[in-house]
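Here's a quick briefing to read with the model open in your viewer. Have the sequence handy too.

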Amino acid sequence: MTRPIELWYWPTPNGWKVSIALEEMGLPYEMKPVNIGAGEQFAPAFQAISPNGRMPAIVDPDGPDGMPLSIFESGAILQYLGAKTGKFYPHDLRGKAEVDQWLFWQVGGLGPMAGQTHHFRQYAPAIIRDQRQIAYGVRRYTDETHRLYGVLDRRLADRDFLAGEYSIADMASWPWILPQLQGQNLDEFPHLSAWVKRVGERPGVVAGRALGEALRGNLASSDKAAEAARKVLFGQRAR
């Protein structure tokens, strides 16, 4: 492979999954920033790549048939990259199933629930003055995130990584473990805490997590730029 993969990206947990994978797999790539706070995800050119209007997305100029291939949804991207390179994604059916179930657990559970925790704990207080209106949401999603941390902690009690060997399942879940933002205490989850440290020390994870960090803003702040970004990001309806 000689031509770089286009990574349509913004530095968020979902974006970090793919930047980490590209770094870990040693694939050449070119970052294409998608400023989600400015509404760039709604541009027709981007939605031609990502019909859901969400990043990350990739364009592989050297697809399976030698033609360009675009992929949206982080889980699908991780599966594709793992299959393309033969790295961090087993070839055998049993091993693949082991990875897939934890990958889907993340995209269907940990990510959405932790994302709602972020929303109600960080962003909603800047939008809604009466904090009583959001108290249930804070409690509901903080508790569910706590439950999911417990699932990970039990899983990691007798293994170093989620599917045995380090895999795309670990790359998917690791970016979403942000205890300070999610009202959690890792001291309650020693096996999870050790895994967070173990994965976080990998050079590819360090590099992927750092990609575009300077682009990040604080959506929870009270300044006008953050307020404008929240209006773009939250309360979207069909277009």
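What follows is a short tour by topic.

This is a predicted model, where local features need pLDDT of at least 70, side-chain atom pairs count only at pLDDT 80 or more, and totals for chains, interfaces and linings use all residues. Residues are numbered from 1 along each chain as its sequence is written, and side-chain values use heavy atoms, with hydrogens and water left out. Helices (H or I, at least four residues) and strands (E, at least two) are DSSP runs, numbered from the N terminus. "Buried" is under 20% relative accessible area, "exposed" is over 50%, and "partly exposed" is in between (1.4 Å probe, protein chains only).

**The largest pocket**

- The largest pocket has a volume of about 1500 Å³; that volume is the space filled by probe spheres set on grid points, which are joined across faces, edges and corners.
- A pocket here is an open set of points on a 1 Å grid over the protein atoms alone, where a 1.4 Å probe fits, with protein on both sides within 12 Å along at least five of seven lines.
- There are 50 lining residues, meaning residues with an atom within 4 Å of a point.
- The elements giving two or more residues to the lining are α1, α3 (74–85), α4 (93–127) and α10 (224–233).
- Of these, α4 gives the most, with 12 residues.

**Helix α9 and its neighbours**

- Helix α9 covers residues 203–210, and its buried residues are G204, V205 and G208.
- Looking down the axis of α9, those buried residues fall within an arc of 95 degrees, so they line one face of the helix; the arc is that of the directions from the helix axis to the C-beta atoms.
- They pack against β1 (5–9), α1 (13–25) and α8 (190–200), with contact meaning heavy atoms within 4.5 Å.
- After α9 comes G212, with a positive phi near 70 degrees.

**Aromatic rings and charges**

- The structure holds seven aromatic pairs. Rings of Phe, Tyr and Trp (its six-membered ring) pair if their centres lie within 6.5 Å; planes under 30 degrees apart count as stacked, over 60 as edge-to-face and the rest as tilted.
- One of the pairs is Y149 with F189, edge-to-face at 5.6 Å centre to centre and 70 degrees between the planes.
- Y149 is in helix α5 (residues 135–155) and F189 in the loop between α7 (179–182) and α8, so this pair ties together parts that are 40 residues apart in sequence.
- Y149 counts as buried at 0% relative accessibility, and F189 counts as buried at 6%.
- F88, F161 and Y166 make up one aromatic cluster.
- The charged end of R198 sits over the ring of F161, 5.7 Å from its centre. The test is that NZ of Lys or CZ of Arg is within 6 Å of the ring centre and within 35 degrees of the ring normal.
- R209 lies over the face of W16, at 3.6 Å from the ring centre.

- The peptide bond from M55 to P56 is cis, with omega near 5 degrees; P56 lies in the loop between α2 (44–47) and β3 (57–60).
- E73 has a positive phi, near 80 degrees, in a residue other than glycine. E73 is in the loop between β4 (69–72) and α3, and counts as partly exposed at 42% relative accessibility.
- F88 also has a positive phi, near 65 degrees. F88 is in the loop between α3 and α4 and is partly exposed, with a relative accessible area of 22%.

- V18 is in helix α1 and counts as buried at 0% relative accessibility.
- Not counting residues up to four places away in sequence, V18 touches L7, P56, I58, S74, I77, L78 and L81.
- V18 and A172 are 154 residues apart in sequence but 8.1 Å apart in space, C-alpha to C-alpha.
- R155 is in helix α5 and is buried, with a relative accessible area of 15%.
- R155 touches E98, W102, L162 and A163, again not counting residues up to four places away in sequence.
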